Amino acid sequence: GGRYYVCHTTGNFGQTNVFSIISSDDLTHWDHLTDVSMAPVGGVRWTWAPEWFMDDGGSLHIFVSASTTPEISTKHVIYELHPLDGTMTNWSAPTPVTGSAFPAWTGLETGRVGAYDAYVVKRGGAYFMFHFDSVSSCIE
C-alpha cells in the first residue's frame, strides 16, 4: 500500500521476548510501528532474526527464532506469526514450525542452537525453508 516495513531483532543482541517492526513512506525516515510479542510461547528470553514471507495467496508471514534458555544461542526454535489486520500492529500467537527435517537439538551439553535465520522460497510448486544450523555451520 505504498508503505515500506522492516522487521528486526531488538534488545541486547536479541535478549528479549519481542521483535520490532518499523515503517517508512520514503525509505529514509523510519518510525517504530510496534513490538511483536513472543510471550505466548512462555519464558522466551531470546528472539532473533525475524524474516518476512508472502505466500501465493498474498498472506504475509514472519518466521522468527526464539529460545527460552538463559544462555545465548541455545535451543532456538522457529515460529510463524502473521498480521491479524491491515494495521500491522496486531499479530497472531507464535506457532512453532515443526517437521522431521528440522534439527533435533539435545541440549546445552551439545552446544546445539537448533534452527534460526529461516528464509522461505517457493520453487516448482513447493515451499522450501532454509535455516542455519550451528552444529554443522551450514544452511540446511
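Predicted model: local features only at pLDDT ≥ 70, side-chain atom pairs only at ≥ 80, totals over all residues.

Reader: Which residue in β10 is the bridge partner of aspartate 133?

Author: Cysteine 138 in β10 is the bridge partner of aspartate 133.

Reader: What sheet do those strands belong to, and in what order do they run?

Author: An open sheet of three strands, ordered β8-β9-β10. The pairing is antiparallel.

Reader: Which strands are at the edge?

Author: β8 and β10 are the edge strands. Each of them pairs on one side only. β10 covers residues 138-139.

Reader: What sits between β4 and β5?

Author: Five residues, and the two strands form a hairpin. Glycine 58 is in the turn, with a positive phi of about 85°.

Reader: OK, charges. How many salt bridges are there in the whole structure?

Author: A search finds three. In general, side chains of opposite charge can pair when their charged atoms come close.

Reader: Take lysine 122. What does its side chain meet in a salt bridge?

Author: The side chain of aspartate 56, at 2.0 Å from N to O.

Reader: Is aspartate 56 buried or exposed?

Author: Aspartate 56 counts as exposed, at 58% relative accessibility. Lysine 122 is partly exposed, with a relative accessible area of 38%.

Reader: How far apart are the closest N and O atoms of aspartate 25 and arginine 3?

Author: 2.4 Å, in a salt bridge. Aspartate 25 lies in the loop between β2 (18-24) and β3 (31-37), and arginine 3 in the segment before β1, so this pair ties together parts 22 residues apart in sequence.

Reader: And what is the N to O distance for aspartate 31 and arginine 3?

Author: 3.9 Å, again between side chains in a salt bridge. Aspartate 31 lies in strand β3 and arginine 3 in the segment before β1, so the pair ties together parts 28 residues apart in sequence.

Reader: How exposed are the network residues? Start with arginine 3.

Author: Arginine 3 is partly exposed, at a relative accessible area of 29%. Aspartate 31 is partly exposed too, at 46%. Aspartate 25 is exposed, at 55%.

Reader: Last topic, greasy surface. Which residues form a nonpolar patch?

Author: Tyr4, Val6, Leu27 and Trp30 form one on the surface. Together they have about 350 Å² of accessible area.

Reader: Where is valine 6 placed?

Author: Valine 6 is in strand β1, residues 4-9.

Technical notes:
Residues numbered from 1 in each chain as written. Heavy atoms only, no water. Patch = residues over 30% accessible without salt bridge, like charges linked within 9 Å, V, L, I, M, F, W, Y side chains within 5 Å. Areas by Shrake-Rupley, 256 points an atom, 1.4 Å probe, with all protein chains shown as cover. Salt bridge = Lys/Arg side-chain N within 4 Å of Asp/Glu carboxyl O. Helix = DSSP H or I, 4+ residues; strand = E, 2+ residues; numbered from the N terminus. Buried < 20%, exposed > 50% of the residue type's maximum accessible area, 1.4 Å probe, protein only. Pairing = 2+ DSSP bridges.
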